[in-house]
Amino acid sequence: MADIEETLRDIVRIDGVLGAAVVDYFSRLTLGAVGKAGPDLEMAALGDTDVVRAKLFTLELLGYRQERIEDILVTLDSEYHLIRPLVRRRYEGVFLYLVLDRALTNPEIARGWLRAVEDRLDL
């Protein structure tokens, strides 16, 4: 198991990753953030708590289990923002957040990274 800071440092070493964060969407607090470029991760993570809350609420309205969600992808002109709520694990209320350089990163590969991180992350 790896702690938050160690995990985030490992993620941002990957080519094309501009930043990464672990966020508690109940309290709206960023539990850890590491970035080498891109947006202010604290500000982005704060706003993304509303995105996660809205999507989980919508799933509930539709009668879907929260565990069905894998991720939320936001595609910008030069970046991908990838959000992975950790609803299937013991970390309910937490999500992983990645900012990716669109020219250097494939979102499908990034999804694999987040699955691997989720398995080894220790909060």
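Student: What do β3 and β4 form, and how many residues are between them?

Tutor: They form a hairpin, with three residues between the strands. Strands here are DSSP runs of E, at least two residues, and helices are runs of H or I, at least four, numbered from the N terminus. The model is predicted: local features need pLDDT of at least 70, side-chain atom pairs count only at pLDDT 80 or more, and totals for chains, interfaces and linings use all residues. Residues are numbered from 1 along each chain as its sequence is written, and side-chain values use heavy atoms, leaving out hydrogens and water.

Student: What makes β3 and β4 a pair?

Tutor: Pairing requires that DSSP find at least two bridges between two strands. Four bridges join β3 (residues 72-75) to β4 (residues 79-85), so they pair, and they run antiparallel. Within β4, I83 is the bridge partner of I72.

Student: Why is D50 with R28 called a salt bridge?

Tutor: The term needs a side-chain nitrogen of Lys or Arg within 4 Å of a carboxyl oxygen of Asp or Glu. The closest N and O atoms of D50 and R28 are 2.7 Å apart, so the pair qualifies. D50 sits in helix α2 (residues 41-61), R28 in the loop between β1 and β2 (29-35), 22 residues apart.

Student: Why does D50 count as partly exposed?

Tutor: Buried means under 20% relative accessible area, exposed over 50%, and partly exposed in between, with a 1.4 Å probe and protein chains only. D50 has 39% relative accessibility, so it counts as partly exposed. R28, at 28%, also counts as partly exposed.

Student: What about R65: buried or exposed?

Tutor: Exposed, because its relative accessibility is 54%. R65 forms a salt bridge with E67, with the closest N and O atoms 3.6 Å apart. E67 is at 37%, so it counts as partly exposed.

Student: Which residue forms a salt bridge with E118?

Tutor: R84, with the closest N and O atoms 2.6 Å apart. E118 lies in helix α3 and R84 in strand β4, so the pair ties together parts 34 residues apart in sequence. E118 counts as buried because its relative accessibility is 3%. R84 is buried too, because its relative accessible area is 5%.
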